[in-house]
Amino acid sequence: MKGKKYPLVYGKSAASSNCDAAAAGLCQEACLDESRVNGKILVCGGPGGLKIAESVGASGLIFKTPKPDVAFIHPLPASGLQAEDFESLVTYLESTDSPQATVLKTVAIFNRTSPVSASFSSRGPNIIAADILKPDITAPGVEILAAFSPDGLLSEHDTRHVKYSVMSGTSMSCPHVAGVAAYVKTFNPKWSPSMIQSAIMTTAWPVNATGTGIASTEFAYGAGHVDPIAAVNPGLVYELNKEDLIGFLCGMNYTTSVLKVLSGEAVNCSEAKAILPRNLNYPSMSAKLAGNDTTFTVTFNRTLTNVGTPNSKYTSKVVAGHGSELSVKVTPSVLSFKAVNEKQSFMVTVTGNDVNSELPSSANLIWSDGIHNVRSPIVIYIYDEY
């Protein structure tokens, strides 16, 4: 702020006659007396101040934020503080009648060995098809330098126009993955969408679970973090065709009328080959158990297509994940391909007991020929919220 010092004003101490102190402390709309805020740095107990700071004449903003892993562009100088830092500031403000500007410094140190999902990112499990793991993948989506419409406004009170801004969210991750898909397609122009999806998922960087509970695991990051270079040459892919998807939808008990809308043709599920959702030829494997399943056995049927080199042999390896220990058997445990585009099928049998309802149990199946590592997450869970 060019070296100039400004006094701080806590929203609670600048309440208008329209609101109580608690609402003013959160800087809710129409709750602040502009004469007490004008020309000062406004302190708010939540992000509400981001919407009203300019309209009440504030010169800057300090607010409490539950999301310390993302920054936002704001027309005014603004700083989001985590709870502990914010409460320290509020204690200072409430201990003096005439709070003046003080030096405040917040340092966030991120010591990460792998990417993590942002706190605002939505989580699984899949509420429609419980045995299809979602999300599929993670991609860069936090603080992305992105094109911004020059006709758009940063806020209703800021008339400046920019061509670029820093943005965060799914709207940033999605174009990254779309770009990766297009990149993979340029090297493999005959690949179907499902082959490209498989290549992206099975070559992703592993992500370590952070935090606790069901939302910190594969339900936050799926198969991992996208790796565009590796996705170009995955070695093997899980491929889906129209018949596979129709069989999956029949297994989900979709009606004939709905299937006609989705497939563009009349479908009779009594004639089509219905499959269990967990047996869709998907690059990940997941199964939701009933709450009373203390001991379980689950099988997954999959088929791999060789997109690497002819005369290749892949050996399976299972790496333990988190939660209760799973016993995973792969049959056959070795797949030999004589030609490119050749398909080989296998079955995965997972047994275990005492799955925690608060934490899924997982493992990773890796097919390797010594060059390629085709990795698929396996997730077994009990979750009664949906």
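Tutor: Let's start with α4 (83–94), whose buried residues pack against β1 (8–10), β2 (41–44), β3 (60–64) and β4 (78–81). Keep in mind that this is a predicted model.

Student: Which are the buried residues of α4?

Tutor: They are Phe-86, Leu-89, Val-90 and Leu-93. Viewed down the axis of α4, these buried residues fall within an arc of 100 degrees, so they line one face of the helix.

Student: Why do residues three or four places apart point the same way in an α-helix?

Tutor: An α-helix has 3.6 residues a turn, so residues with that spacing point the same way. In this structure, the face of α4 turned away from its buried side carries Glu-84 and Thr-91, which are exposed.

Student: How many residues does α4 have, and how far does it reach from its first C-alpha to its last?

Tutor: α4 has 12 residues and reaches 16 Å, close to the 16 Å expected at 1.5 Å a residue.

Student: Now the cores. In the largest nonpolar core, which residues touch the most other members?

Tutor: Val-184, Trp-191 and Ile-200 do, in a core of 28 residues. Two or more residues come from each of α5 (170–187), α6 (193–202) and α9 (242–251), and α6 gives the most, with 5 residues.

Student: What does Ile-200 touch, not counting residues up to four places away in sequence?

Tutor: Leaving those out, Ile-200 touches Ile-137, Val-180, Ala-181, Val-226 and Ala-231. There is also a second, separate core of 26 residues, and Leu-289, Leu-335, Phe-346 and Val-350 are among them.

Student: How should I read backbone angles?

Tutor: As a general idea, most peptide bonds are trans, and most residues other than glycine have a negative phi. That makes the exceptions worth a look.

Student: Where are the cis peptide bonds joining Lys-134 to Pro-135 and Thr-331 to Pro-332?

Tutor: Pro-135 lies in the loop between α4 and β5 (144–147), and omega for its cis bond with Lys-134 is about 0 degrees. Pro-332 sits in the loop between β11 (327–331) and β12 (334–337); for the cis bond from Thr-331, omega is about -10 degrees.

Student: What about positive phi in a residue that is not a glycine?

Tutor: Ala-30 has a phi of about 65 degrees and is found in the loop between α1 (21–25) and α2 (34–37). Ala-30 is exposed, with a relative accessible area of 52%. Glu-143 has a positive phi of about 55 degrees and belongs to the loop between α4 and β5. At 40% relative accessibility, Glu-143 is partly exposed.

How values were computed
Residues are numbered from 1 along each chain as its sequence is written. This is a predicted model: local features need pLDDT of at least 70, side-chain atom pairs count only at pLDDT 80 or more; totals for chains, interfaces and linings use all residues. Side-chain values use heavy atoms; hydrogens and water are left out. A nonpolar core is a set of buried Ala, Val, Leu, Ile, Met, Phe, Trp, Tyr and Cys residues joined through side-chain atoms within 4.5 Å. Buried means under 20% relative accessible area, exposed over 50%, partly exposed in between (1.4 Å probe, protein chains only). Helices (H or I, at least four residues) and strands (E, at least two) are DSSP runs, numbered from the N terminus. Contact means heavy atoms within 4.5 Å. The expected span of a helix is 1.5 Å times one less than its number of residues. The arc is that of the directions from the helix axis to the C-beta atoms.
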